[in-house]
2 protein chains.
Amino acid sequence: MSALQQWLAAHDARAFADLDAFLRLPSISARSEHAGDCARTAQFVADTLTRIGLTARIEPTPGHPIVVGEWRGAPAGAPTLLIYGHYDVQPVEPLELWTSPPFEPTVRDGKLFARGAVDDKGQLWIHLMALEAHLAVHGRLPINVIVLAEGEEEVGSAHLEEFLARERERLACDAVVISDSTMFAPGIPSILSSLRGLAYVQIDVRGPAGDLHSGMYGGAVVNPAMALARILATLHDADGRIAIPGFYDTVRTFPDHVRAAMRELPFSDAGLMHEVQVDALGGEAGYTTLEKLWTRPTCEVNGLLSGYTGEGAKTVLPATAMAKVSCRLVPDQDPVVIAQLLEAHVRRVAPPGVSITVTHLHGGRPWRADLQGPIIDAGRAALAAAFGREPVITGEGGSIPVVGDFERILGAPVLLMGFGLPGENAHAPDEWIAVDNVRRGMHAAAVLYEEYGRRASITSHQ
Amino acid sequence: MSALQQWLAAHDARAFADLDAFLRLPSISARSEHAGDCARTAQFVADTLTRIGLTARIEPTPGHPIVVGEWRGAPAGAPTLLIYGHYDVQPVEPLELWTSPPFEPTVRDGKLFARGAVDDKGQLWIHLMALEAHLAVHGRLPINVIVLAEGEEEVGSAHLEEFLARERERLACDAVVISDSTMFAPGIPSILSSLRGLAYVQIDVRGPAGDLHSGMYGGAVVNPAMALARILATLHDADGRIAIPGFYDTVRTFPDHVRAAMRELPFSDAGLMHEVQVDALGGEAGYTTLEKLWTRPTCEVNGLLSGYTGEGAKTVLPATAMAKVSCRLVPDQDPVVIAQLLEAHVRRVAPPGVSITVTHLHGGRPWRADLQGPIIDAGRAALAAAFGREPVITGEGGSIPVVGDFERILGAPVLLMGFGLPGENAHAPDEWIAVDNVRRGMHAAAVLYEEYGRRASITSHQ
């Protein structure tokens, strides 16, 4: 066992106690009433960075602040690694479906349950503890490090792109590592090679000026809830293919060898069906499930609200109906263009007698990795060291919109090395991270910094 | 001015003050937490009946109680009139759309605003005050009277039918009058000749065991909200005709002369569009608006709920989606059969990967009047006396399911003489009744009892 591992083992209880405090902060970025909690959480991250030996500053934005930590003491020729994470979390409704309260972290069956446990506080924490281990054991880091923790990832990272562009000199780096993703399966470390993008809109259908009696007006006044249902039903054809004109125009098919590798991963539809407890899967005809999840775009309803939703019966013809609709995107779909195509389609199919408002809530570009270079090699070595086996290369259906921004603005390759697991309930009640994966993650991160320093320094001297 | 009119004018302020107290009681029958309020409101009605000189009893049911008032002092040969109304009211959400709170009655521009103002407390009150006028002025009523006020009309009158059947001897009567409907237009008194029935269900679509991350699972796991939208979109064809197999099988077409009379009423689509503030109407192709509202069945969405409905964006694949759906029925559609056809259709079109629950919330039979006999003639005369012009014969799209029950169980014809007005917001925020119509209604009701006594007694002696 290395000195770093020994230090991490010796400080395990304190690491989890501090993570507990981090998870108790209800930093829900989508809810304006939690703005103060987000600010307090940013301060918590900054205080942690300072305590472990980095400089830290809190950068205000028009939304929630960005925390930047720095350590610049590596030898000349050593590379600079930017570690990105986010301290904000998803909303917690429906609260009644949480087994333990979302902001009271609880360990059950080797899982740490809390909102943000895996997405992304727990995974950001892995890096902070690995940095502390290096600084405590060696008094230094093997590479220069920038930690960038934002507070708006769950609401589309509205101010990060501008921040990266404005601060690109100070944030200049040779590689970026992000731990905000999921391993393919327990015990199988994974490097993510693709992410889907996102175009998220809210559709509001407005009919009569106020709610009407469904008996007195029903049959003549157009019902906004029924109009909305009919609009949503036009988004797919009978084969599950998205029927928005132009939607697939810029989709770049994944290479055959990537699709072939996906088919070799230990995956079964039956396993997924068992996991989410359904008796059949759906989606676009002609693709395997992993292809549907990783390589194909989607259009989903995320929320519906109209009329009377309480107990019993109320015979109302509702004045309005709302749907939250989001598309997952694949290269090279552009989120702005897709949102525009979606809006144009909705307006085209909406019936007379209602008015439509489409609000573009947020978007993110899809991304595909170039799987070469020292940061990828270091990631493979670090994961192998921590998990005892080579990582697999996976795709993921989720979105981390900023990944493309880092590559484009900072010109640095991104390693996506995540420690979540399938069924972790990110964005849902009972979110969790495996306690063992937190420990292995700290080990892997600590090794990553060493391996990257060794490989990138060698590379730069060649 | 008759002595009755003089008495009503002299006691106008007190009548409205007592109505104010009646309207302040939040007797929302659909919400179990208001069961106590419903009981208190039943007591209020019973106390009022006793005060004005009727006997009163409160009959418990498995739901909210029924109040029965009686006055049996008319001369031999005088008929018995049953006056039906309901003291329960609709839920009040969305509260923020009320200009003044629903249970704080407020008069603005000649309109009395409150939940229950027109549906039906205000209209029940009209009869109680007319009865009081007779008893105060003459010390007697010209006919025997039964007042039956129930507390479950807004939730389908679940226990009334059984009560009528069980008490049919004590409730035996020669005619029934119900004031729970709407005049065709201001100043145009109306007798309602048809009502639509109702079949109301809740559709719950359940997909995965819990909410999922829409990125990680979207595209392979069937989305219950999208499945629900696609199910709802199959309920109508492109011409607005209901596409549930068998739905129209028992529809009996309205006679040509009734449809012709409808076309002569002073109605314009533009007026309705202006009233509800829409720029187009919809519904079933091939029918006029009044035909759609009065003579054709409908299938409407009354409520939708799924996933995330708060501020901003949450990328969730919801576990469940719910719709409240109700059909308005015309003779001879049976509400039980229609609910079964609807359920069978929903199950047939639901995709694999979700499960469906259809809960039958309530139903009521459609009704068409036989427009003959002393109660109808008395109604015409009473309305002409109070409003200064002959009433028109109308249909209505709303449902009063008990009307058919009264005719069937008690064997008595029903007069529907209502004092609401178009735009009264029954079942919606800012419900109101015109103050002038309350006064004319009291006058009409007072004359009705006289005219009915005169005509029915004459009839019985012929």
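Trainee: How many helices and strands does the secondary structure of chain A come to?

Mentor: In this predicted model, chain A comes to 14 helices and 18 strands.

Trainee: Into which domains is chain A divided?

Mentor: Domain 1 of chain A takes in 3-195 + 366-461, and domain 2 takes in 197-251 + 297-364. Their centres, taken over C-alpha atoms, are separated by 35 Å.

Trainee: How many residues are in contact between domain 1 and domain 2 of chain A?

Mentor: Seven residues of domain 1 are in contact with ten residues of domain 2. On the domain 1 side, the touching residues comprise three nonpolar, three polar and one charged.

Trainee: What rotation and shift superpose chain A on chain B?

Mentor: In general, two copies of a chain are related by a rotation about an axis and a shift along it. Here, a rotation of 180 degrees with 0.1 Å of shift along its axis superposes chain A on chain B, with an RMSD of 0.1 Å. That is the relation of a two-fold axis. Both copies use the same surface: 100% of the contact residues of chain A recur in chain B.

Conventions. Residues are numbered from 1 along each chain as its sequence is written. Chains are lettered from A and ligands numbered from 1 in the order in which they are written. This is a predicted model: local features need pLDDT of at least 70, side-chain atom pairs count only at pLDDT 80 or more; totals for chains, interfaces and linings use all residues. Copies are superposed by least squares on the C-alpha atoms of residues with pLDDT of at least 70 in both. Two residues are in contact if their C-beta atoms, placed from the backbone, lie within 7 Å. Helices (H or I, at least four residues) and strands (E, at least two) are DSSP runs, numbered from the N terminus. Domain bounds come from an automatic or database domain assignment. Ala, Val, Leu, Ile, Met, Phe, Trp, Tyr, Cys and Pro count as nonpolar, Asp, Glu, Lys and Arg as charged, and the others, Gly among them, as polar.
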